[in-house]
Amino acid sequence: MAPHAETTVIKNFEDLNNFCKQIVNKLKGQRRVLLLLSGDLGVGKTKTVEVLLGELGVTQVSSPTYAIHHNYEVKGMNIDHFDLYRIESESDLESTGFWDVFMQPEAWVIVEWADRLQQTKFSPQWVRVEINIELTEQGRIFKTQFC
Ligand SMILES: Nc1ncnc2c1ncn2[C@@H]1O[C@H](COP(=O)(O)OP(=O)(O)OP(=O)(O)O)[C@@H](O)[C@H]1O
Ligand SMILES: [Mg+2]
């Protein structure tokens, strides 16, 4: 996929559903997908992940509270969801098994609070999508970068 960026204004849940559908459609057929979400407290990261998971076919989304790592398997595909809010150090991160998931030959890795990551170098074998969410008077501005 050629690198490019998009900006989407999201005013409600319907817009969010459409946005997530498009993301999943665009990435169909990719074996390794890394989705990095960033944005201030309460801006809508977890909700976005929930909608994305739904689009990927996950029917039972675990409660995001407290757990740093959730794993889903759907239609033979592995999905790892990390919420790094409580991560304070590299060793915290290591103990969650964060780096291990990149050994998988096929997976979606979805990361909330991706700006907590100190190391931002990822293998080029992963299609990387960075989504930054900002709350404005016009709605939520989603800046998406396909790397
Ligand atoms: N697209 C949207 N349209 C309307 N409301 C939304 C949208 N996305 C999220 N919300 C609402 O905003 C609130 C915060 O969302 P959410 O918990 O997903 O944010 P978050 O970025 O994960 O927060 P935190 O940083 O605290 O983890 C929720 O009440 C959610 O329902
Ligand atoms: Mg959250």
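Modeller: The place of Trp113 is in the loop between β5 and β6. Please bear in mind throughout that this is a predicted model.

Biologist: Is Trp113 buried, exposed or partly exposed?

Modeller: Trp113 has 19 other C-beta atoms within 10 Å. A residue is buried at 20 or more such atoms and exposed at 12 or fewer. The count for Trp113 lies between these limits, and therefore Trp113 is partly exposed.

Biologist: What is the phi of Trp113 near?

Modeller: Trp113 is a residue other than glycine, yet its phi is positive. The value of phi for Trp113 is near 60°.

Biologist: Which residue in the hairpin of β3 and β4 takes a positive phi?

Modeller: β3 and β4 pair in the antiparallel sense over 6 bridges, and one bridge joins His69 to Phe82 in β4. The hairpin has 2 residues between its strands. Phi is near 50° in a residue of this hairpin, and that residue is Lys75.

Biologist: Is Lys75 buried or exposed?

Modeller: Lys75 is found in the loop between β3 and β4. Around Lys75 there are 7 other C-beta atoms within 10 Å. The limit for an exposed residue is 12 or fewer, so Lys75 counts as exposed.

Biologist: In what order do the strands of the open sheet lie?

Modeller: The open sheet has 7 strands, with mixed pairing. Its edge strands, each pairing on one side only, are β1 (4-10) and β3 (69-74). The twist averages 15° from one strand to the next. The order is β1-β7-β6-β2-β5-β4-β3.

Biologist: In which sense do β2 and β5 pair?

Modeller: Strand β2 covers residues 32-38 and strand β5 covers residues 107-112. Leu36 stands opposite Val111 in β5. The two strands are joined over 6 bridges, and their sense is parallel.

Biologist: Which residues of the largest nonpolar core touch the most other members?

Modeller: This core holds 30 residues, and the elements that give two or more residues to it are α1, β2, α2, β4, β5 and β6. Leaving aside neighbours within four places in sequence, Val111 is in contact with Leu35, Leu36, Leu37, Phe82 and Leu84. The residues that touch the most other members are Leu35, Ile110 and Val111.

Biologist: Which element gives the most to the shell around ligand 1?

Modeller: There are 13 residues around ligand 1, of which Leu16, Gly44, Lys45, Thr46 and Lys47 come nearest. The elements that give two or more residues to this shell are α1 (13-27) and α2 (45-56). By class, the shell has 5 nonpolar, 5 polar and 3 charged residues. The element that gives the most, with 3 residues, is α2.

Biologist: What separates the C-alpha atoms of Asn17 and Thr48?

Modeller: Asn17 is found in helix α1 and counts as partly exposed, with 14 C-beta neighbours inside 10 Å. Along the chain, Asn17 and Thr48 are 31 residues apart. The separation of their C-alpha atoms is 8.5 Å.

Methods:
Residues numbered from 1 in each chain as written. Chains lettered and ligands numbered in written order. Predicted model: local features only at pLDDT ≥ 70, side-chain atom pairs only at ≥ 80, totals over all residues. Near = placed C-beta within 6 Å. Helix = DSSP H or I, 4+ residues; strand = E, 2+ residues; numbered from the N terminus. Nonpolar A, V, L, I, M, F, W, Y, C, P; charged D, E, K, R; others polar. Pairing = 2+ DSSP bridges. Axes fitted to C-alpha atoms, helices over the stretch in contact; angles between N-to-C directions. Core = buried A, V, L, I, M, F, W, Y, C linked by C-beta atoms within 7 Å. Contact = placed C-beta atoms within 7 Å.
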